[in-house]
Amino acid sequence: VAQSVANRELLAARVATDARAEELRQQDALSRVALAGVSISVSDHLRARQLLDGCPPDLRRWEWRYLSAEIDTSDAIFRVSDREVTQASFTPDGLAIVAVTQDDRASGDDRVTLWDAGTGKFLREIARCDETPIQRVSFSADGGLLAVFAPMPFLHLYRTRDWSALTSLEVRIERPRGACFAPEGHRLAVYGAASVEIWDVDSHARLAAFDAGPSEVADVAWSVDGARLFAASHDGMLRAWDTATHKLLATSTDQ
């Protein structure tokens with residue numbers, strides 16, 4: 001009898017604990033929605049989205065849907081079934097979207113695909129990498145070329161007029177991170193963990209190589225006139241080079 005009583009008391013305690021946990025879960029969801037509304041009122045849409053994303057799906061009621069719609073400024077939403085979009089950008093003419101996607105269920109299946117920007121209709125697959133992730137895609141300033149950068153040793157090039165493949169660049173850089181075209185012409189900045197290179201795509205020639213220091217490069221950017229190339233590292237260091245003389249101009253840090 002005593003054991004039976006103890007079991008009932010234990011069960012009642014568990015039920016009470018579960019009920020309290022559910023009550024707290026619902027209170028948290030309500031608080032998130034309320035704070036999201038405050039964030040929207042002060043135009044902090046990023047914070048509002050973070051708060052709304054933290055609400056469990058089963059507790060997203062009409063208030064959540066209303067606020068979510070308030071901060072959704074998209075004109076259209078394109079669904080890519082069973083694939084995660086890791087990068088997307090408009091083609092230079094604005095008529096299509098180039099997206100880098102990967103399989104949610106398996107690694108090593110990255111694809112570069114083309115979608116109609118008006119209808120969301122899938123148009124074609126441009127490139128595919130079955131073994132390693134695609135790091136970055138970049139359009140040339142005139143819109144005529146697309147560079148697809150996957151790990152070594154090749155950087156793949158495509159003519160956007162008909163999406164035909166051109167001769168790839170054999171870029172051998174340690175732990176590649178990405179590539180981006182200059183704001184004019186066909187110069188391409190390629191960067192890896194600790195170095196940055198400038199290539200002339202038309203001649204397939206490496207024009208310069210820069211040491212980016214001990215910390216890994218996070219990203220690079222060209223100046224508007226293409227006269228400077230900047231590299232930001234994970235240690236907070238920013239370096240700038242003259243792209244004509246290839247000399248280091250300055251370094252700075254936010255630390």
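By the ring criterion applied here, in which Phe, Tyr and Trp rings (the six-membered ring for Trp) pair if their centres lie within 6.5 Å, the count comes to 2 aromatic pairs. Planes under 30 degrees apart are termed stacked, those over 60 edge-to-face and the rest tilted. The structure is a predicted model, in which local features need pLDDT of at least 70 and side-chain atom pairs count only at pLDDT 80 or more, whereas totals for chains, interfaces and linings use all residues. Residues are numbered from 1 along each chain as its sequence is written, and side-chain values use heavy atoms, with hydrogens and water left out.

Trp 115 and Phe 122 form an edge-to-face pair, with 5.3 Å centre to centre and 75° between the planes. Relative accessible area is classed as buried under 20%, exposed over 50% and partly exposed in between (1.4 Å probe, protein chains only). Trp 115, at 12% relative accessibility, is therefore buried, while Phe 122, at 42%, is partly exposed. The rings of Phe 210 and Trp 241 have centres 4.7 Å apart and planes at 10°, so this pair is stacked. The pair links distant parts of the chain, with Phe 210 in strand β13 and Trp 241 in strand β16 (residues 237-242), 31 residues apart. Phe 210 is buried, with a relative accessible area of 5%, and Trp 241 is buried at 3%. Helices (H or I, at least four residues) and strands (E, at least two) are DSSP runs, numbered from the N terminus.

Strand β13 also belongs to an open sheet of 4 strands in the order β10-β11-β12-β13, with antiparallel pairing. Two strands are taken to pair if DSSP finds at least two bridges between them. The edge strands, β10 (176-181) and β13 (205-211), each pair on one side only. The twist averages 20° from one strand to the next; axes are lines fitted to C-alpha atoms, for helices over the stretch in contact, and angles run from 0 to 180 degrees between N-to-C directions.

Within this sheet, β11 (residues 187-192) and β12 (residues 195-200) pair in the antiparallel sense over 5 bridges, and a hairpin joins β11 to β12 through 2 residues. Val 190 has Glu 197 in β12 as its bridge partner, and Tyr 191 stands opposite Val 196 in β12. Strands β12 and β13 pair in the antiparallel sense over 6 bridges, and the bridge partner of Ile 198 in β13 is Ala 208. The hairpin of β12 and β13 has 4 residues between the strands, and His 204 takes a positive phi near 55° there.

Positive phi values also occur in loops. Ser 43, a residue other than glycine, has phi near 65° and is found in the loop between α1 (2-41) and α2 (45-53). At 60% relative accessibility, Ser 43 counts as exposed. Trp 163, likewise not a glycine, has a positive phi of about 60° and lies in the loop between β7 and β8 (164-165). At 13% relative accessibility, Trp 163 counts as buried.

Ala 150 is found in the loop between β6 (145-149) and β7 (154-159) and, at 5% relative accessibility, counts as buried. Leaving aside neighbours within four places in sequence, Ala 150 is in contact (heavy atoms within 4.5 Å) with Cys 129, Pro 133, Ile 134 and Gln 135. Ala 150 and Ala 179 are 29 residues apart in sequence and 9.6 Å apart in space, C-alpha to C-alpha.
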